[in-house]
Amino acid sequence: MNNYLILIGISLILTFLFRWAFRTLPGERWQIMGVIPTVKQPDGSWSGVNLTYYGFFIALSTAWAGVVFFMLLGAVALPFGMIALALSLILAICVPASRMTARFVENKAYTASVGGAAFIGILISPWIIHFMEKVFAVSTPPGSWLSSGMAALAIAYAFGEGIGRLACISFGCCYGRPMDQIPAMFQALCFHRSFIFSGKTKKISYAHQLDQKEIFPVQAITAILYCGAALMGMVLFVFGLFTTALICTLSVTQLWRFFSEFFRADYRGRQKISAYQTMALASMVYAVLVVTFLSGPSNGMPVDLSTGLKALWTPWMLVFLQTLWILTFWYTGRSQVTGATITLFVNQEKI
């Protein structure tokens, strides 16, 4: 019963969040959340660094993925020190990789690619988890933690990228094609509900001048599909079907990453089949093969999510997750492609 309550609770939270976000975030108001003054200009104004809702939602998605990762592995009694170290190592590699892959594929130094980070993460994660198992000398059948660890990571990744798509809606990136360029049958799949972005500092505006036009809501579809796949993976996980949860979650996310590229209008490289599409298919096959050959069989024993959820409620775990949020926001939330000029003044009538 506890498992179902947790799953229903997560579903309701996501439903309300997505309903609000899909209506609100394409608006101009929801790109910049604050400005930090940096250099004073001769005219008395200040140059500033913009803090974006993009960074806020990326930090939120990363912290939520961390909560899910800890909850799932805590539910199968994996040591929390092992989980924290494994997650820290994966993020320490994947976060910088998001910009390195974008520079390599798109030749853009100040763009981050979640697809590139996911590809690198899938490549390195099995070996990091396998290494952690040896270091912590976990007393379980060989390879059993690899299947549960990779399943938990795939589920956490699906939640993280699904919620992270709200950041793309806010900043106007990873956008779809105009609705008049989309076949009618695919328009019907999204109930003819398009996005209309506003604001000249959104990427969709300065890169393709597609603001104020009806755009295929590829980010919204991605968010729903990925979080739906994560919930499906959690159901399989609680029944102890770790390898099945991994395969199902990765299949949905990576196959949609491949097909969704055909509905996007932002630059993805010069090839007809982009490097990101190739990465998606390759990473899916790679992860399944590695886990199949290196991990032990799933025992099919039920998992109690409430056990993992209770284990999260410790001071050091809360500090870890808060630190993860702050570091992620500081890394991704400072906009380098937009700027600000600030004028400060005194409200004389309020003195």
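Is Trp 30 buried, partly exposed or exposed? Trp 30 is partly exposed, with a relative accessible area of 22%. On this scale, buried means under 20% relative accessible area, exposed means over 50%, and partly exposed lies in between (1.4 Å probe, protein chains only).

Before we go on, here is some background. This is a predicted model, in which local features need pLDDT of at least 70 and side-chain atom pairs count only at pLDDT 80 or more, while totals for chains, interfaces and linings use all residues. Residues are numbered from 1 along each chain as its sequence is written, and side-chain values use heavy atoms, with hydrogens and water left out.

**Aromatic pairs**

A search of the whole structure finds 19 aromatic pairs. Rings of Phe, Tyr and Trp (its six-membered ring) pair if their centres lie within 6.5 Å; planes under 30 degrees apart count as stacked, over 60 as edge-to-face and the rest as tilted. Trp 20 and Trp 30 are edge-to-face, because their planes stand at 90°, with ring centres 5.2 Å apart. Trp 20 belongs to helix H1, whereas Trp 30 sits in the loop between H1 and strand S1 (32-40), so this pair ties together parts that are ten residues apart in sequence. Helices (H or I, at least four residues) and strands (E, at least two) are DSSP runs, numbered from the N terminus.

Another pair, Trp 325 with Phe 329, is stacked, at 5.3 Å centre to centre and 15° between the planes. These two residues are four residues apart in helix H12 (residues 315-332), which means that about one helical turn separates them. Ring pairs link Trp 20, Trp 30, Tyr 53, Phe 56, Phe 57, Trp 325 and Phe 329 into a cluster.

Here is the accessibility of the residues in these two pairs.

| Residue | Relative accessible area | Class |
|---|---|---|
| Trp 20 | 30% | partly exposed |
| Trp 30 | 22% | partly exposed |
| Trp 325 | 26% | partly exposed |
| Phe 329 | 12% | buried |

**Helices side by side**

Two packed helices are described by the angle between their axes and the distance between the axes. Axes are lines fitted to C-alpha atoms, for helices over the stretch in contact, and angles run from 0 to 180 degrees between N-to-C directions. Contact means heavy atoms within 4.5 Å.

How do H1 and H8 pack, and at what angle? Helix H1 (residues 2-24) meets helix H8 (residues 218-238) at about 175°, and their axes are 11 Å apart. The two are therefore roughly antiparallel to each other. That label applies to angles over 145 degrees; angles under 35 count as roughly parallel, 65 to 115 as roughly perpendicular and the rest as oblique. Residues making this contact include Leu 7, Leu 14 and Phe 18 of H1, and Ile 224, Cys 227 and Leu 231 of H8. By class, the contact has 13 nonpolar, two polar and no charged residues. Here Ala, Val, Leu, Ile, Met, Phe, Trp, Tyr, Cys and Pro count as nonpolar, Asp, Glu, Lys and Arg as charged, and the others, Gly among them, as polar.

H8 also packs against H9, at about 170° with axes 8 Å apart. That makes H8 roughly antiparallel to H9. Among the residues in contact are Val 218, Leu 225 and Phe 237 of H8, together with Phe 242, Trp 256 and Arg 257 of H9. This contact divides into 13 nonpolar, six polar and one charged residue.

**Along helix H9**

Helix H9 (residues 242-260) has 19 residues and reaches 27 Å from its first C-alpha to its last, close to the 27 Å expected at 1.5 Å a residue. The expected span is 1.5 Å times one less than the number of residues. Buried residues of H9 include Phe 242, Leu 246, Trp 256 and Arg 257. Leu 255 is also found in H9, but this residue is partly exposed, with a relative accessible area of 35%. Not counting residues up to four places away in sequence, Leu 255 touches Leu 250, Leu 281 and Met 284.

**Two single residues**

Arg 165 lies in helix H5 (residues 144-171) and counts as buried, at 5% relative accessibility. Leaving aside neighbours within four places in sequence, its contacts include Gln 219, Thr 222, Ala 223 and Arg 257.

Gln 212 lies in the loop between helix H7 (203-208) and strand S4 (214-215). Gln 212 counts as exposed, at 53% relative accessibility. Most residues other than glycine have a negative phi. Phi of Gln 212, however, is near 65°, a positive value.
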